[in-house]
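The entries follow in the order in which I looked things up.

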Amino acid sequence: MSSSVAVVTGASQGIGRSTAIRLARDFSSVVLVARNRSHLEDTASQVRAAGAKTLVIDLDLAEPSAARTVVEGARGAFGRIDALVNIAGAVPQIDLFEMTDEQWDAGMALKLHGARRLTIEAWPALTETKGSVVLMSGNSAIFPKAPYAAVGTINAAIAALAKAFSDRGIADGVQVNSVMPGAVMTGRRRSYLEHWAPAHDMTVEEAMANFPQEADIARFGRPEEIAELMAFLVSPAARWMTGSTVRMDGGEVKSV
């Protein structure tokens, strides 16, 4: 394995954690970014066990200064950045007519603007290495609904943002794609169902069985499956693939 560095945000749990661990097989060093230090340290131990060096950076990417801290930390520790995988960010699932301006702003600050600032800050380093960027959206961008309007709206904005970055990347030699996962069973989704199920007179087990049936999919996805897709998108095998929005959702979205 040659010297190569991947930065993964949202690496403390769920898809971000699985992606960081998976990338340890392909990159010599992985920079782990999220807010929860103890969870990041747990991820770091597994990344090191998989063969990569680690740098843990615990901060809130919603803060405007955070992007520079991450890039300076990564370059200071390892001298380069070859891949940036923007996964951090959870948007509240609140009805369109109930969500406040403050909740809209908070949802956009981390998931959209955090990724935007970090990509811009890392761009010079990525230009030097002819690197790759992935921004994670979600398939709710395809079918936004009133009960979770902000999720769909912000995911659609991320897909558009990735397209804009890829346009600049063609000239600068930086590959940029976005990923739209479907219903992946993460700790956050499980926690949501634990609150949602009693309010709908269901057990958590019933709610977990009911959703795939209603969505017409065979099962929930696994974080490790999305991680494999992320690894492909930042691999040499996908180098000619740029400006693409890749959906992995078990067949939930039926449109072409």
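I began with secondary structure and counted 8 helices and 7 strands in the protein. Helices (H or I, at least four residues) and strands (E, at least two) are DSSP runs, numbered from the N terminus. The model is predicted, and local features need pLDDT of at least 70, side-chain atom pairs count only at pLDDT 80 or more, while totals for chains, interfaces and linings use all residues. Residues are numbered from 1 along each chain as its sequence is written, and side-chain values use heavy atoms, with hydrogens and water left out.

**Overall build**

I noted a span of about 55 × 35 × 35 Å for the C-alpha trace along its principal axes.

For burial I used relative accessible area: buried is under 20%, exposed is over 50%, and partly exposed is in between (1.4 Å probe, protein chains only). Of the 256 residues, 50% count as buried. The accessible surface comes to about 12000 Å², and 54% of this belongs to carbon and sulfur atoms. These areas come from the Shrake-Rupley method with a 1.4 Å probe; for residues, only the protein chains shown count as cover.

A contact here means heavy atoms within 4.5 Å. Among contacts between residues at least 6 apart in sequence, 70% join residues at least 24 apart.

**Cores**

I searched for nonpolar cores, meaning sets of buried Ala, Val, Leu, Ile, Met, Phe, Trp, Tyr and Cys residues joined through side-chain atoms within 4.5 Å. In soluble globular proteins, nonpolar side chains tend to be buried together. The largest core has 37 residues, and those with the most contacts inside it are Val7, Val33, Leu61, Val70, Ile81, Leu135 and Val176. Two or more residues each come from strand S1 (5–9), strand S2 (29–34), helix H3 (66–78), helix H4 (101–129), strand S5 (132–136) and helix H5 (149–172). H4 gives the largest share of this core, 9 residues. Apart from this core lies another, of 30 residues, with Ala44, Ala52, Val85 and Leu233 among them.

I then listed the contacts of Leu61, leaving aside neighbours within four places in sequence: Thr9, Val33, Ala66, Val70, Ala88, Ala109, Leu110, Gly114, Arg117 and Leu118.

**Buried residues**

Ser29 lies in strand S2 and is buried, with a relative accessible area of 4%. Not counting residues up to four places away in sequence, Ser29 touches Ser4, Val5, Ala6, Ala52, Lys53 and Phe78.

I found Val91 in the loop between strand S4 (83–86) and H4. At 12% relative accessibility, Val91 counts as buried. Leaving aside neighbours within four places in sequence, Val91 is in contact with Gly107, Lys111, Ala150, Val151 and Ile154. Val91 and Met108 are 17 residues apart in sequence, and their C-alpha atoms are 7.7 Å apart.

Ser137 sits in the loop between S5 and H5, and 5% relative accessibility makes this residue buried. Among its contacts beyond four places in sequence are Lys111, Asn155, Val179 and Pro181. From Ser137 to Gly182, 45 residues apart along the chain, the C-alpha separation is 9.7 Å.

Ile226 is in helix H8 and is buried, at a relative accessible area of 2%. With neighbours within four places in sequence left aside, Ile226 contacts Ile15, Val179, Pro181, Val184 and Met248.

**Positive phi**

I noted Lys130, with a positive phi near 55°, in the loop between H4 and S5. Lys130 counts as partly exposed at 44% relative accessibility. I also noted Asp216, with a positive phi near 60°. Asp216 is in the loop between helix H7 (204–215) and helix H8 (223–233) and counts as exposed at 54% relative accessibility.
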